[in-house]
Amino acid sequence: MIEITKDILKEVYSERPTDSHKYDYGQLIVVGGSRLYSGAPAFNALGALRSGVDMVRLLAPERAANIIASFGPDLIAYPLEGDYLSKKHFSDVLAAVESAKAIRADRVALLMGGGMGRSEEVWKTIQEIVNEVDIPMVLDADAIHAVGKQKGVCAGKSIVFTPHDFEFFTLTGVTSKGTVGEERYELVRKGAQDLCAIIILKGAEDVISDGNEVAVNKTGNAYMTKGGTGDVLAGICGSLIAQGISPFKAACAAAYISGRAGDIAATQKKQSLLASDVVEAISEVFSE
């Protein structure tokens with residue numbers, strides 16, 4: 001078992017050459033949101049940008065995309081017609097992936113799932129995207145529920161799942177709630193092994209496994225129960241993968257960065273901590 005420390009930052013970040021250019025540090029495509037929810041994909045994008053990726057292209061149903069675009073000029077939001085992701089948007093997502101790959105194919109990742117809803121049509125569209133896309137993916141929230149219904153779409157893919165306990169049960173059929181220590185580590189390892197994927201099981205300790213190695217992250221605190229903090233974590237993970245970091249190392253580093261940013265924010269905010277406070281504290285993690 002590996003305990004993640006701040007040394008992970010030195011492994012994923014290095015001094016940038018003076019002749020660096022846009023796209024050298026990746027493009028992340030975020031697919032999420034719905035008529036009701038716009039916050040999750042916004043936190044995905046903000047967490048990703050704060051942790052170093054050069055560009056985030058966000059695709060969301062029209063109302064969510066318009067709200068997200070109004071947050072600030074850093075966010076590029078492509079509106080998809082309608083209130084929810086559906087089959088008619090399949091080509092839009094694939095086009096965004098191919099466009100990003102045409103610029104630099106080795107610096108692209110996809111993050112999907114936050115705020116999308118759990119209708120059958122949304123789930124089927126998510127399943128089709130996962131089945132078709134050939135770039136590394138981070139799947140969270142509603143995408144976990146969709147894939148849990150059809151695990152076969154994961155075959156041969158590079159995927160990081162970011163579940164909490166209930167989503168872990170949805171994904172694996174195994175209950176992790178209430179487990180601790182070696183029992184919990186083994187559940188995550190076995191789940192990752194069965195899926196041929198990487199899992200970050202969020203909790204008081206984040207447990208990360210690729211089916212072989214198991215890592216534990218102890219940053220984070222009880223004030224991070226606020227909605228949106230998990231979306232920030234997923235955004236950081238997607239950002240690091242898009243920057244060319246191996247998915248397992250990216251997952252470990254994302255858990256550390258997200259939790260440490262939450263710790264910094266909680267020293268002042270306590271119960272009033274918001275996911276946006278975690279985003280803002282990411283830069284302080286690097287300053288440390």
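**Core packing and backbone features of the predicted model**

Beyond its neighbours within four places in sequence, Leu28 contacts Ala48, Val53, Met55, Val56, Arg57, Ala109, Leu110, Leu111, Gly235, Gly238, Ser239 and Ala242 (contact: heavy atoms within 4.5 Å). The model is predicted, so local features need pLDDT of at least 70 and side-chain atom pairs count only at pLDDT 80 or more, while totals for chains, interfaces and linings use all residues. Residues are numbered from 1 along each chain as its sequence is written, and side-chain values use heavy atoms, leaving out hydrogens and water.

Leu28 belongs to the largest nonpolar core, which has 56 residues. Such a core is a set of buried Ala, Val, Leu, Ile, Met, Phe, Trp, Tyr and Cys residues joined through side-chain atoms within 4.5 Å. Buried means under 20% relative accessible area, exposed over 50%, and partly exposed in between (1.4 Å probe, protein chains only). Leu28, Val160, Ile208, Val232, Cys237 and Leu240 touch the most other members. Helix 10 (residues 247-269) supplies the largest share of this core, 13 residues. Another core, of 44 residues, lies apart from it; Val97, Val122, Val147 and Val214 are among its members.

The protein chain has 11 helices and 10 strands. These are DSSP runs numbered from the N terminus: helices are H or I of at least four residues, strands E of at least two. The radius of gyration is 17 Å, close to the 19 Å that the globule rule gives for 288 residues, so the chain is as compact as a globular protein of that length. The radius is taken over C-alpha atoms, and the rule is 2.2 Å times the number of residues to the power 0.38. Buried residues make up 56% of the 288 residues. Of the contacts with a separation of 6 or more, 66% join residues 24 or more positions apart.

Helix 7 (residues 165-172) has Asp165, Glu167, Phe168, Thr170 and Leu171 as its buried residues. They pack against helix 6 (142-149), strand 7 (159-161), helix 8 (181-195) and strand 8 (198-201).

Most residues other than glycine have a negative phi. Tyr23 is not a glycine, yet has a positive phi of about 85°. Tyr23 sits in the loop between helix 1 (8-12) and strand 2 (27-31). Cys196, also not a glycine, has a positive phi of about 55°. Cys196 lies in the loop between helix 8 and strand 8. Cys196 is exposed, at a relative accessible area of 63%.
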